[in-house]
Amino acid sequence: MDSKLRLIQQSLNTRYSEWIREALDDLPDNFTITDPSISGHPIVFASRGFLKMSRYSREEVIGQNGKIFQGPKTNPRTVMEIREAIREERGVEVSLLNYRKDGTPFWMLFHMRPVFGKEDGRVIHFVAVQVPISTKQRRNGGVSLSEDGSGLNEVVFGSCRKEVDSDSLLELRRVLSLDSGSKVLDIEETCKASDFEERRAATAFNNILSVLTHCSELTGRLVCGKRCSVPGAGYVSSSLNISLGRIKQSFVLIDPHLPDMLIVYASDAFLRLTGYDRHEVLGHNFRVLNGVDTDTSTLHQIKESIQTEQACTVRILSYRKDKSSFWNCLHLSPVRNASGKIAYFVGVQIEDDCKNRDGHGLSPEMRQLSAVGAVKVAVRTSSISAGSSKS
Amino acid sequence: MMLRIKRVPTVLSNYQKDEAEETARRSGGCGKNCLRSCCIPGAKLPLYAFKKVTNTQSEKGVRGNENKEPPVAFLDSLVLGEWEDRMQRGLFRYDVTACETKVIPGEYGFIAQLNEGRHLKKRPTEFRVDKVLQPFDGNKFNFTKVGQEEVLFQFAASEDGEVQFFPNAPIDVENSPSVVAINVSPIEYGHVLLIPRILECLPQRIDRQSFLLALCMAAEAGNPYFRLGYNSLGAFATINHLHFQAYYLAVPFPIEKAPTRKITTLSDGVIISELLKYPVRGLVFEGGNTIQDLSDTVSDACICLQDNNIPYNVLISDCGKRIFLLPQCYAEKQALGEVSPELLDTQVNPAVWEISGHMVLKRRKDYDEASDENAWRLLAEVSLSEERFREVNALIFEAIAIGETIAETLLDEPDTKTQSLEIENAITKSSHRPMVAGTHECLVLQ
Ligand SMILES: Cc1cc2nc3c(=O)[nH]c(=O)nc-3n(C[C@H](O)[C@H](O)[C@H](O)COP(=O)(O)O)c2cc1C
């Protein structure tokens, strides 16, 4: 947990000047900032206004995923829209039902946008502004599509109801309580924000972005609201990062297309196992794990499996950062993207001594394979060409 | 008249191929390590026992999940791990991750996959498409004939209310376990089959218990991108042995993006809506006080359709919280020669995945030319007409209302358990004819 909190601290500190938190806290709006590169895609900053609105303390919110504010009546389709926007690294604006700490629900306009690194075009953070929607709003009862629900014709419903009625099953009508309007609902099913709230969200976002941009100028690691360069080779998209971050096992991704087959992703468990920091392995060759007694014929075997695009399992002596060694049961497998081409090799490590076989959980070998499976799914689906959905 | 279509059947098991050579064998082990009495004694398979969830909403509690970690993560560890293991053992007919796939530009983003390997080496077979319910035929291929290596694990409700995992559990023949097996012709990574009470040899026909099991599996996976599907006979099921399909594809399906319009909320909280702006007409079920409420309502609707000989498909989405029910008539049209040759040429069989917007295409040309328009054109052929859909809805609502009435009637009864079972059975049997006398009797009871 400690190391995660450290990552969360660093998330803002490495990009922005030291008074970033104060500067953000001076803004009156409700907003949160998340870091997609940290596993669990946690909130790394929550504004005073947001905490007041949600009635959580800062400690309760930092490190959590934004979904903790959802509840039984939160529309899953809306959540899906947010999820898709994150996957496609674009903005989204939806009305969303959330819950305060005490369990009371409230409607808000959720306005989320990515923030990019200027030099490499990567998504650095997501910013979400949450504007509460005043309760006096007009609503569209019964239609779960907030954007255009009001325009739907009554005919569909009317004729269906008539059909049932025409069977003169009066009991039916009663039983089914077809007059859903007669039921008093405690909370509206949908809610549409007004132009005022939309403008407020947009303005708030712009203010936040200018604080971020300004504070990033001071560190020289600039961020911007529009992607101004296309990420180059070795780039793992934020959506892939989020998916990979959920996988608990120790693994790395190697890009076989880069010269020297560099590591482009390392899981938290890998860092724990080897003692390295992320930046010490990303962009480095897999060789960092080798040492004096590492068997060269095994290394050869690994090379060959990569060349022939085959999976392989080897037992190899690896070295941690502190030079201590361990027997590493390494499984390597090619991973294909949505076009069916090999995009990466995944290497999953198990420390041989730690193979616990208590007979209850899955065997270490099976867990290793499940990591391979989860990586394959993540890579394949994050590379399905996006941009087709409405934004 | 009997309606038949010719199509290339999808091979779901490696043991399906030699169906022709299949001859009756005596016990003593058929040498294939199958799941019949010849090979099952002493056989062991992993057993995953899931915790019964009672509340549909419980999973997303406001203050998060305080539950302790289960011994095995169902989807991420068990399904994917076992699946990858079978992949490395070479049990699949092709590597599905080597199949190209893309999202087609358009409002809903239909998903296209080019899968040239799925239908190779199979001759077209005749399928009867005008009978949704057909008796189980032990001579034909069924899942008791798959090799045990194709079975990933047994799936059952936990007895002590906690998730349990046994890496090596004996197969309890008496209690006919439900199992999860691989589909050797996967259309995405993790494509599996859920076969409820496999040894009971149930025909492809929804019943309340089996449907609840499918919902539990979706809930257990806990991932909105792991969906289950069902095809009835006449709606492109190929094997008449009760099974659901499931796979993992981490993009939303077009059907999930389509707007809906609420028709009604039942007394147990189940909300029934109608799909709008989607090429296939269908109903959407969600909510409900318990997962069982939701499951029973959908099952009753399915039972009504199959009893009325209406082919249909079901998609279980969003961790079992949203269910799409789609009556269809494509195979019937095909048998009657009413489908255009261009559509038939694509050889796309519009089963549940295609209807949901995941198009598996067999020809490079179709893949390259895949467009929103083509997807709509195909799916429009699948849909019932507006008029027929209204009629079918009336049947469904009637069937559901009967279920509801009974539930209400029994609320006042002290000893509800046994009674409800009896009445349920009575309804299932008599619902061949809509407007059963039973309804009125129940109402009088009130
Ligand atoms: C910057 C940011 C802030 C978010 N804030 C909220 C929030 O306040 N309330 C909420 O319901 N979801 C919020 N979310 C969305 C969830 O974190 C999550 O992305 C969404 O539930 C879909 O992903 P899931 O499949 O993990 O649930 C936020 C997301 C981001 C990127």
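Strands here are DSSP runs of at least two E residues, numbered from the N terminus, and that is how strand S9 (312-319) and strand S10 (325-336) of chain A get their labels, with Lys323(A) in the loop between them. Keep in mind that this is a predicted model.

**Positive phi in chain A**
- Lys323(A) isn't a glycine, yet its phi is positive, near 75°.
- That lysine, Lys323(A), is exposed, at 62% relative accessible area.
- Met261(A) also has a positive phi without being a glycine, at about 45°.
- You'll find Met261(A) in the loop that runs between strand S7 (251-254) and strand S8 (263-266) of chain A.
- With a relative accessible area of 23%, Met261(A) counts as partly exposed.

**Helix H9 of chain B**
- Helix H9 (residues 372-382) buries Ala375(B), Leu378(B), Leu379(B) and Val382(B).
- Looking down the axis of H9(B), those buried residues fall within an arc of 95°, so they line one face of the helix.
- What do the buried residues of H9(B) pack against? Their partners in chain B are strands S16 (322-327) and S17 (358-361), plus helices H5 (330-335), H6 (341-345) and H7 (352-356).

**Cavities**
- There are seven cavities of 30 Å³ or more in the structure.
- The largest cavity holds about 220 Å³ of space.
- It has 20 lining residues, and Arg7(B), Thr10(B), Arg118(B), Phe236(B) and Ala351(B) are the closest to its centre.

Note on methods. Residues numbered from 1 in each chain as written. Chains lettered and ligands numbered in written order. Predicted model: local features only at pLDDT ≥ 70, side-chain atom pairs only at ≥ 80, totals over all residues. Heavy atoms only, no water. Helix = DSSP H or I, 4+ residues; strand = E, 2+ residues; numbered from the N terminus. Buried < 20%, exposed > 50% of the residue type's maximum accessible area, 1.4 Å probe, protein only. Arc of directions from axis to C-beta. Contact = heavy atoms within 4.5 Å. 1 Å grid on protein atoms, 1.4 Å probe; cavity = no way out; pocket = protein on both sides within 12 Å on 5 of 7 lines; lining within 4 Å. Points joined across faces, edges and corners; volume = space filled by probe spheres on them.
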